[in-house]
Amino acid sequence: MSVFAHPEFDAHEKVLFGHDPDTGLKAIIALHNTSRGPALGGCRMWAYRSDEEAVTDVLRLSRGMTYKSALADLPFGGGKSVIIGDAKTMKSEALFRAMGRLVESLGGRYRVAEDVGVTVADVEAMARETDYVAGIPAGGAGDPSPATAWGVFCGLKASVRHRLGRDDLRGLTVAVQGLGAVGRHLCAHLHAAGAHLFVADLNEQAVRQAVEAWNAVAVAPDEIHTVAAEVFAPCALGAVLNDVSIPQLDCAVVAGSANNQLATLQDGAALKARGILYAPDYVINAGGIVNISHESQLSGAPYDKAAAFAHVARIGDTLAEIYRLAERADLPTSEAADRLAEQRFKPAVSQAA
Ligand code: NAD
């Protein structure tokens with residue numbers, strides 16, 4: 001396997017392979033681009049079937065963080081790390097401390113946070129070996145989901161303004177897929193703004209609560225994307241916008257928190273061809289990372305929720321800029337977002353020192 005010739009390599013500045021025989025740690029840290037500042041990105045623990053699979057994942061994810069941080073206007077670059085192993089059976093404090101030492105060895109070029117398979121407690125174990133952590137309670141920001149939901153709400157409003165020409169959400173119909181940590185906060189904001197909600201979740205209790213609390217209409221999980229509503233808000237799964245679901249959509253706007261909503265790059269063009277305005281996922285769901293950037297560990301100042309949420313609200317302005325660019329250049333919004341991000345970071349910073 002060549003890392004330099006890997007299809008996802010994309011001029012990464014640094015890829016660090018770490019092994020600790022005492023704890024069994026096998027980890028990779030990838031720094032894609034640090035021209036805006038130190039790389040910030042989560043650590044994922046996953047039972048990859050091969051080292052190649054782990055390399056592909058870390059390279060893809062760390063590149064994504066460069067784009068996300070650039071469009072969220074954060075003073076951070078893109079990086080990510082993976083621990084190769086089963087999160088159910090292989091975790092130990094010693095393993096995460098070894099990971100902390102690996103992060104420390106980069107001298108602050110990478111800030112680690114939680115991700116799939118890695119909890120806040122695991123990051124706290126890393127923090128016993130390194131100060132270069134983010135997203136732990138000591139930093140002050142806490143659970144990122146309310147900030148993510150606030151960003152989605154602000155982004156949804158900007159999308160509705162652009163596509164439907166209205167600022168007032170009273171009477172707006174929104175179909176929300178997924179009533180988890182983000183989806184239910186989003187519903188609360190939408191309900192408070194006067195929107196009518198259609199909701200679906202595999203968890204029947206969450207649906208019942210939404211019906212009671214917000215007068216929402218319950219819809220079967222496999223039908224929520226087909227509901228006739230002005231906005232479809234995917235807040236559950238990835239790859240939800242694909243060649244089967246896109247022809248079935250009955251909305252003007254797609255704006256939700258789920259990661260990797262487009263199954264393929266072409267699906268961005270398919271949405272454009274149908275006249276549906278798509279809020280690029282990594283832009284609209286950046287509220288959590290924006291909030292984390294205000295933590296004392298990263299900002300150097302005490303966490304200020306009002307300032308953090310005001311920063312999150314700027315996601316709406318960024319989306320409006322992306323939509324204008326997409327129209328001018330006749331591009332799908334997903335491609336316009338990438339283009340705008342690329343204007344906001346410079347070529348890779350030399351890491352040879
Ligand atoms: P969560 O696990 O709390 O909630 C997901 C919800 O979706 C659950 O209630 C689950 O039952 C439901 N669900 C799963 N499959 C479904 C289906 N087929 N139909 C309907 N509902 C289904 O997750 P979350 O933190 O709310 O995140 C939601 C999405 O947003 C994920 O894609 C996540 O990666 C993304 N995201 C979350 C954050 C954050 O701050 N939590 C930040 C950025 C992106």
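This is a predicted model: local features need pLDDT of at least 70, side-chain atom pairs count only at pLDDT 80 or more; totals for chains, interfaces and linings use all residues.
## Cysteines

A disulfide here means a pair of cysteine sulfur atoms within 2.5 Å.

C235 is in no disulfide either, and its nearest cysteine sulfur belongs to C187, 7.5 Å away. Are these cysteines buried or exposed? C154 is buried, at 10% relative accessible area, and C235 is buried too, at 11%.

Now for the ligand. There are 20 residues around it, and the ones that come nearest are T148, V182, D201, S257 and N259. Sorted by class, the shell has 11 nonpolar residues, eight polar ones and one charged one.

Which atoms of D201 get within 2.6 Å of a ligand oxygen? An N or O atom in the D201 side chain does. With V182 it's a polar backbone atom, 2.8 Å from an oxygen atom of the ligand. A181 also uses its backbone: one of its N or O atoms there lies 2.9 Å from a ligand oxygen.

On its own, the ligand would expose 830 Å², and the protein buries 70% of that. Two elements give two or more residues to the shell: helix 4, spanning 145-164, and helix 5, spanning 181-192.

How values were computed:
Residues are numbered from 1 along each chain as its sequence is written. Side-chain values use heavy atoms; hydrogens and water are left out. Buried means under 20% relative accessible area, exposed over 50%, partly exposed in between (1.4 Å probe, protein chains only). A residue is near a molecule or strand if one of its heavy atoms lies within 4 Å of it. A polar contact is a pair of N or O atoms within 3.5 Å; within protein, one must be able to donate a hydrogen and the other to accept it, and residues adjacent in sequence count only if both atoms are side-chain atoms. Accessible areas come from the Shrake-Rupley method with a 1.4 Å probe; for residues, only the protein chains shown count as cover. Helices (H or I, at least four residues) and strands (E, at least two) are DSSP runs, numbered from the N terminus. Ala, Val, Leu, Ile, Met, Phe, Trp, Tyr, Cys and Pro count as nonpolar, Asp, Glu, Lys and Arg as charged, and the others, Gly among them, as polar.
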